[in-house]
Amino acid sequence: MAETDPPTTAEIQENLDILWLLLGAYLVFFMQCGFALLEAGSVRAKNTKNILLKNVLDACLGAFIWWFMGFPIALGDSSGKFAGGKDFFMMDLTKEVNNNPTYFATWMFQWAFAATTATIVSGAVAERCKFVAYLAYTTALTAFIYPVVVHWAWSSEGWLSAWVDEKKQPFLKANGFMDFAGSGVVHMTGGAAALMGSIFLGPRTGRFTPTGSVVDMPGHSTVLAALGTFILWFGWYGFNPVSTLEFKYMGHAARVAVTTTLAAATGGCTTLAVHVALKNPPDVFPALNGILAGLVSITGPCPVVEPWAAAFIGFVGGFVYYGSSTLLKKLQIDDPLDAAPVHFFCGIWGVLSAGLFAEKSYTSSVYGKDEDSYGAFMGGGGKQLGNQIIGVLAITGWVCFTCSIVFGSLKALKLLRVNAEDEELGLDSSHHGGDAYNFEAGRGKTVS
């Protein structure tokens, strides 16, 4: 590269911001490895290749879709409050990049979030969904459904957004819709899509008896699931702290790392305790899902709550997860990974908890639009909680409506579910050329 003058302080700060976003993007993208291991370990061995291929394509296909359509709708410049509409295929970048050199780093960081949203759904529809149906729903989710929610809540023009220009007030007043790293935007969206997919697909064959009793269908590898969960927990330190977006907010990032840790730990302990209290033996999977429940619950309120509140949010998140998981089984809705209980229901709790426990000074320093609107339980009145409720209803309505169209259309066209014979054989053998595990090869040949 040609020699240039030494960088100015402003240029150094800008480069640190870019580095911060890229590190966050890499950490969040590494969560795809965690999802792959968790989902592979949580399904039966005969469906391992199927679930892994979906995780691979969530990254590959998701990047292409995010490039040509997802990001422009989510964060492309637009005066509209519903959706963006610029830089499709990155074709109109000159002005954008000159005015905002962090453009590419922002694109990377947001792509990693989009991939996470799509991956949530694959666990809920595991073991009985046609591959063409996966391609259809993940395209719709990444190209349009999720980007619209991002635009609403995280763009400077969205009607839910707290991040409007300094001279403007949020459309909802108070501090807008406070969802810092995506309890609602990411996890409720992915979880609601997962719930609709589970409902339209119906349960796996043999999952429920004629009397409604649940037949256990355990995953084939607790080791893979546990390792995947630890990787997800690690990746969450990119998800939450790096959502500060700029290097100068390291104080906020450090606090977010602590609240994230406390909620995860408390969620895991609480869920395991509830499981054992209901006269079940101590098991790994309840603890793993409890950790994820705590992480999802704290994702939205992470920068605005005290450490004690973060621990309490994780504690309640454990109950929310366990209760919603039990409810879905009572309703005979089969979600092999408990994606909807973890992401949708705990995502709702995370959004609402910001309106309940947001501390005044933290809320002012992070959002700063209305210093009198913060957590209802902290003395801030009900305005902010009202905004949070509106956000929950809007995201739920939008995602459930659009996903009903997607999954309903696929079901009507008989493109949604594999036939009973293929399901019994396993999707690896019936759809992907053979099993993931070749045990015969490891035995070697017998010498006579």
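Figure 1. Buried means under 20% relative accessible area, exposed means over 50%, and partly exposed lies in between, with a 1.4 Å probe and protein chains only. In soluble globular proteins, nonpolar side chains tend to be buried together. Which residues does Tyr146 touch, not counting those up to four places away in sequence? They are Trp66, Gln110, Phe113, Ala114, Thr117, Leu141, Trp154, Val185, Val186 and Thr189. Contact means heavy atoms within 4.5 Å.

This is a predicted model, in which local features need pLDDT of at least 70, side-chain atom pairs count only at pLDDT 80 or more, and totals for chains, interfaces and linings use all residues. Residues are numbered from 1 along each chain as its sequence is written, and side-chain values use heavy atoms, with hydrogens and water left out.

**Figure 2. Gln110, a buried residue of helix H4.** Gln110 is found in helix H4. Helices are DSSP runs (H or I) of at least four residues, strands are runs (E) of at least two, and both are numbered from the N terminus. With 8% relative accessibility, Gln110 counts as buried. Leu21 is 89 residues from Gln110 along the chain, yet their C-alpha atoms are separated by 9.5 Å.

**Figure 3. Gly235 in helix H7.** Gly235 is found in helix H7. Is this glycine buried or exposed? Gly235 counts as buried, at 0% relative accessibility. Look for Leu27, Val28 and Met31: Gly235 is in contact with them, leaving aside neighbours within four places in sequence. Tyr26 is 209 residues from Gly235 in sequence, but 8.6 Å away in space, C-alpha to C-alpha.

Figure 4. Most residues other than glycine have a negative phi. Glu127 has a phi near 80°, a positive value. Glu127 lies in the loop between helix H4 (103-124) and helix H5 (131-154). Its relative accessible area is 1%, so Glu127 is buried. Leu245 has a positive phi too, near 75°. This leucine sits in the loop between helix H7 (222-239) and helix H8 (250-277). Leu245 is partly exposed, with a relative accessible area of 41%.

**Figure 5. Ala309 in helix H10.** Ala309 lies in helix H10, which covers residues 307-330. Ala309 is buried, and its relative accessible area is 0%. Trp349 is 40 residues away along the chain. The C-alpha atoms of Ala309 and Trp349 are separated by 13 Å.

**Figure 6. The setting of the close-ups: the whole chain.** How many helices and strands does the protein chain have? There are 16 helices and zero strands. Buried residues make up 55% of the 448 residues. Among contacts with a separation of 6 or more, 76% join residues 24 or more positions apart. The C-alpha atoms fill a box of roughly 75 × 55 × 45 Å, taken along the principal axes.
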